[in-house]
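Here are my notes on the model, as numbered points for your file. Please read them beside the structure.

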Amino acid sequence: EGIGASLLTQQHPFYIELADAMKAEAKEKNVALEVAIANQDLNKQLADVEDFIVKGVDVIVISPVDSQGVRAAIEKAEKAGIKVITVDVPANGATVTSHIGTDNFTGGVKAGELMAKVLENKGKVAVIDYPTVQSVVNRVNGFKEAIAKHPEMEIVAIQTGITRAEALAAAQNMLQANPDITGIFGFGDDAALAAAVAVKAAGLESQVKVIGFDGMKEARDAVDTNPVMVGVIQQFPDQMGKQAVDTAVKVAAGEQVPAEQPIVPGVYTAK
Amino acid sequence: MHGSTTDTVLKISNVTKSFGQIAALKSMRLDVRRGRVHTLLGENGAGKSTLMKILAGVHSATSGDITLDNQPYRPTNPQQAAALGLAIVFQELSLCNNLTVAENILATREPRKFGFINDKALVARARSIVAELGLPIDVTEKVGNLSIAQRQLVEIAKGLSHEAKVVILDEPTSSLSDSEAEILFDIIGRLKSRGVAVIYISHRMEEIMRLSDDITVIRDGEYVSTHDRNDVTIEALIALMVGRRMEEIYPPPIHVRSTEITSDQPPVLAVERLTRDEEFADISFTVGAGEILGFFGLVGSGRSEVMNALFGMKNASGTVRLDGKEVRFRSPAEAIARGIGFVTENRKEEGLVLGHSVEWNISMAALPDFTGPFGFTRGSAERKAAAAEVGRLAIKTRSLDTPAGSLSGGNQQKIVLAKWLLTRPKVLILDEPTRGVDVGAKFEIYKIIRQLAAEGTAILLISSELPEVLGMSDRVVVMHEGVLGATLAGTDLTPETIMAHATGFQS
Amino acid sequence: MTQQTAAQAALVRALKQYGGIFLSLVMLCVIFSFLNPRFMSVVNFMNILQQVAVIAIAAFGMTWVILLGEIDLSVGSIIAVAGMVGAQCFAFGLGFGPALAVTIVAGALMGMLNGVLTAKLLLPSFIVTVATMGIYRGLVSLPTNGAPAMIDNATWTAIGTESFLRLPTIIWVVAVLFVINQIVLSKTSFGRRAYLTGGNREAAVYSGIKVDRLKIIIFMISGVMAAISGVLLSSRLFSAQTNAGMSYELDAIAAAVLGGTSLAGGVGTMVGTLIGALIIGVMNNGMNMLSIPYFYQLIVKGLVILVAVWLDVRAKQAKR
Amino acid sequence: MTQQTAAQAALVRALKQYGGIFLSLVMLCVIFSFLNPRFMSVVNFMNILQQVAVIAIAAFGMTWVILLGEIDLSVGSIIAVAGMVGAQCFAFGLGFGPALAVTIVAGALMGMLNGVLTAKLLLPSFIVTVATMGIYRGLVSLPTNGAPAMIDNATWTAIGTESFLRLPTIIWVVAVLFVINQIVLSKTSFGRRAYLTGGNREAAVYSGIKVDRLKIIIFMISGVMAAISGVLLSSRLFSAQTNAGMSYELDAIAAAVLGGTSLAGGVGTMVGTLIGALIIGVMNNGMNMLSIPYFYQLIVKGLVILVAVWLDVRAKQAKR
Ligand SMILES: Nc1ncnc2c1ncn2[C@@H]1O[C@H](COP(=O)(O)OP(=O)(O)OP(=O)(O)O)[C@@H](O)[C@H]1O
Ligand SMILES: Nc1ncnc2c1ncn2[C@@H]1O[C@H](COP(=O)(O)OP(=O)(O)OP(=O)(O)O)[C@@H](O)[C@H]1O
Ligand SMILES: [Mg+2]
Ligand SMILES: [Mg+2]
């Protein structure tokens, strides 16, 4: 009956690119693909999976709202004899047939190293985070670890800025409170782009550098054109989506697939 | 003082009550005796209801002593007051429209079985209460579907549904017509003969003289005097109450323009065969400039419905001519624009915005007159006009900015009147314009009505008080169960003929 | 009157009372089964009931609050706190019983705070519960700093996953709570007082009802119902999520209002609320079954709410 | 009365009317400047004003709606739609002027739908706007399938970033809208009608006020204000986000209620609403400056709302 995919959200370019890649690959491979959007609500994700089970799909692809809570959905599917593949965020406490995702911690470390490089190993840095999302927590942890290796660098403020508007206000206020900040790490493109706007509004373009994560087109363009945006950690949702569908097709056909299929993020800096 | 103190059941001495800076009661006293009807008489805002609410445990007195059967009496809530032997029928309707009559009457006292409400017993008990009181109400009907008068009867049933030593009736007849009032008087007679003390509040002098044993007059929150009914006259009481003598209750007609009002002039308003399903049918009448056309009928005879239809609130078939031209109003806004004014019968619901100032309420219907270029309000003109009305109608208010809701009932009624006077209507509909208004204020309102008529306003006066209709009207339309009973004028205008048509014994 | 005609009369009355809304529910079911044959299956109805349980139970509590003419926007946050309290209890080493008790008491306390602020300080409940919505949502994140907490108690998680007498346990919970709420509302003096107070607060005071106490208790009921919702939700998810129940208060309000509860107070029933919740559940499930994209689902859901409330308002007007 | 004493009297009256809430605002500012000296600076106040602009403007519209005793929960979604409409206009090749006009008309239409459903079909505005909140949120995602849309019109983005006469343009926009709303509300008969209708709908009808029309116009005002908010927000972000303005309706309501607007209708002023919005803005900014973690911010914000509303209610009771 095809593949059912339950995705975390549809309001973020990363997931849109992921979904588009999946749809394209499904068309290529000529399999039916249905996409449900959990809208960041784990309960809705569970309901979506339950509804897939009733519909009788062959394989379910999940990008979990939460690594731990997704266990319920995975167990339900397996009870019904349906194999599950996770993308982007891994599942804890339940085994899935395969996981395809970015190594967020490594990505965070790369961001920290890039920050140290552009700031010449010294200076005060701020972070815009989203503490309820595990993959973001991993990124920020990686970033912190990399910064900690440099004794003359310090993280002076961490604020939550989930939407672009919130991130803009958070960045403005952090800059106001700590005018000697020289670097800002945004947990995602939205946060970084908002931080760049705040830097410009505060007239600190020559002082503050911004690094983002995700690397969607808007952010890559900004890196190319805006000197404040010095770089962005680039994920590859297109690869992820394609690979997820390929894996699902193989699983449906009874083939063996590797349990872990990590996708290492890249570092995108100005050309 | 008179009478032996031994049969005093309720004794109030030196009670004061203030709401913030307003002193509603200053040094109030009252001795209420078993088996007697004690009437409390005072102008609007004198503090009668406030005193009763203190007795009922709704308010607590600021200072003073009250004893019930020689025991200190200080209820903190209505349930406690009831348990101590006090029953009250409140002036302002205190019913829940979303529940049935039975549920309202027995609220918080529902019969129970295994802790659950027994609905059958509830209805049965309510039926027996209503039957015992002789009230014509269906207890399974929702209160929201009843007319104001019927709700008043429910209120009475609710207040009197349990045994009490003292029964308080705060203006129970203000929205009743005579036949329902008679039922109430019967009930009061039975209570008296059982030795119950009744505190009675009313502004209708005839019924006060008929019912009372003792009469206490209060003025501005202060005790004035207590009298045995047999020792006083209406005139004397009124003088005590308003602080001056009043010769007449109804002002004489003013015939300023009597020469111009002749029968061959076209009427200002001509209504033909106005009909609305299940409410009224084939209503036809005319009213001329300067004429006061009375509308009498028993409660629920459909007078208010007819007026609502005339005013564009409800659809009805038939024709309405204003100054000879056919009109059809789809909203009150259109009716007002063509010179119709409507003093509605329920001032709290349809008349006033209680939370807003006296000024805003008075200018409300005439707002277009106070609107200048670009829609700006003309503040000073508005204020001047409102002040003039307050002065003309002698409205007792601390300032124009006082919220209308904090005025006494009679003064609120005058504000509603003032609101419509400002629109300078050609036709003014008055639906129970003196409901709950004291005699002094009534006289003022009557004078204003006469004055308006003299200035050429055509007036439709609806009233359930027969003396009022007789005293004020040039002609009287009598309605009975939604149809027109008769239009009476001249020598036909007697209480007997009117009642005969109203009750349908003659048609 | 024979027993049969009494039953018939009751049916006619029920149809009159719930006609508009019941019609909407039936229509939705018919449309969906027409469009997808798998919709009409026992398994799927079990699914729907389980999916709607969390909203339905919160909506029972909300019905009480709205009946009083008040509103409780903190329900979604209480749902989240309840799950987290449960998780922390287990982390603390408590057993199932004590943990459940602590969770429910926590719900009652949060409801009590809403009630006291509304009744005693005379603040509008809308603003009180907007504020506590934020406060409770903040509290839920403190123990884990925003991260979800695992729940490793087998009994707790069994509620959301196991069956009893061939019916999923969750459905039993909903059924029992529905019956209790329905009986208390329609058959006890307490319920009658809620109707009276919601219909005319002044009249209630004059009738000797202790309105403040009533209000506080009713907010506590809402808190407890939300806490039970939170227990079910966390047991379904094996974990307490800090963003659990976000904006569920709106679904709960929608369920109650769809079911004929008047936001002005004084009018409403649990039967109506249950039907309202089912409409929301059927809609969500049916659209998923038809693979309607998420944004279109938002639009359709809004339209269905509008049409259903409109049908209901019209039916009630026609009745008069 | 000399002019000076008249001014003094006005000040005393204003202090009486806004005493409670104004005190809260001053207290917050004092506390924050005490805790962080950088708080008290011209630059930071500009920051606060810009951050609060979106909420404040939406709250002006909300004040009208609440004044009528209604509520508009679709405001946050309208903010998002407005940004997206603007972005699509530019994608379509329109210039700044036409795009702005289309956006504002879109806001008016969405408000009109709310108003017509409420006034003509007699549905409660709470449920109407819960439904349209979903519908409009769904609509915003259709053109881009959920992705944000870039806005590449220099004039549009300049609103959010440039200054005029040394003040950020956004602040000018807020100031102008404040003055217009304030004058229309307090000086015209339209405003008076809103107060009267909110105070007693029935009495307003009998006094010849066309209540239905008034209601529709007021929902349109709310829609237009939200649309302007959306223009500002998207200009600040250089893009239209599909999740823009999510739950801003609650902040707007909180601002209006903090400012003394009564949810029962009939009472409220634009001055109060502006102060209410500033309290919310100062709070968010000040806590960010102090690096208070997000969850604690939620809690503190809730507490401050409670305290401020309570102070205000108390001040009004004492005045009586
Ligand atoms: N809750 C209240 N708050 C403030 N003032 C009040 C309140 N209740 C009554 N008053 C004031 O107390 C005074 C006495 O009012 P009360 O209702 O007792 O008059 P009354 O004698 O019953 O008049 P009426 O004949 O019009 O019913 C009035 O000036 C009224 O404005
Ligand atoms: N709000 C209402 N809902 C339903 N029926 C009503 C309502 N108001 C009045 N009625 C009914 O309409 C009929 C006519 O009432 P209406 O008020 O016009 O009579 P009336 O002659 O003015 O008497 P009164 O005003 O003294 O009660 C009555 O049978 C009454 O029960
Ligand atoms: Mg009185
Ligand atoms: Mg009448």
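1. Ser33(D) has a relative accessibility of 19% and therefore counts as buried, the cut-off being under 20%. The residue belongs to helix α1 (residues 3-35) of chain D. Leaving aside residues up to four places away in sequence, Ser33(D) is in contact with Phe39(D) and Met40(D). Note that the model is predicted.

2. Chain A and chain B, by contrast, have no contact, and their closest C-alpha atoms are 38 Å apart.

3. Chain D superposes on chain C by a rotation of 180° with 0.1 Å of shift along the axis, at an RMSD of 0.1 Å. This is the relation of a two-fold axis. Both copies use the same surface, since 97% of the contact residues of chain D recur in chain C. In chain D, the residue closest to the rotation axis is Ser247(D), at 4.7 Å (C-alpha).

4. Over all chains there are 26 aromatic pairs. Phe39(C) and Phe45(C) are edge-to-face because their planes are at 70°, with ring centres 5.8 Å apart. Phe39(C) is buried at 0% relative accessibility, whereas Phe45(C) is partly exposed at 28%.

5. Trp64(D) and Phe190(D) make a tilted pair, 5.4 Å centre to centre with 50° between the planes. This pair links helix α2 (residues 42-67) and helix α8 (residues 189-199) of chain D, the two residues being 126 residues apart. Trp64(D) is buried, at 1% relative accessibility.

6. Ring pairs also join Phe311(B), Phe342(B), Trp420(B) and Tyr206(D) into a cluster. Arg139(A) lies over the face of Phe213(A), 4.1 Å from the ring centre.

Definitions and conventions. Residues numbered from 1 in each chain as written. Chains lettered and ligands numbered in written order. Predicted model: local features only at pLDDT ≥ 70, side-chain atom pairs only at ≥ 80, totals over all residues. Heavy atoms only, no water. Helix = DSSP H or I, 4+ residues; strand = E, 2+ residues; numbered from the N terminus. Buried < 20%, exposed > 50% of the residue type's maximum accessible area, 1.4 Å probe, protein only. Contact = heavy atoms within 4.5 Å. Least-squares fit on C-alpha atoms with pLDDT ≥ 70 in both. Phe/Tyr/Trp six-rings, centres within 6.5 Å; stacked < 30°, edge-to-face > 60°. Lys NZ or Arg CZ within 6 Å of the ring centre and 35° of its normal.
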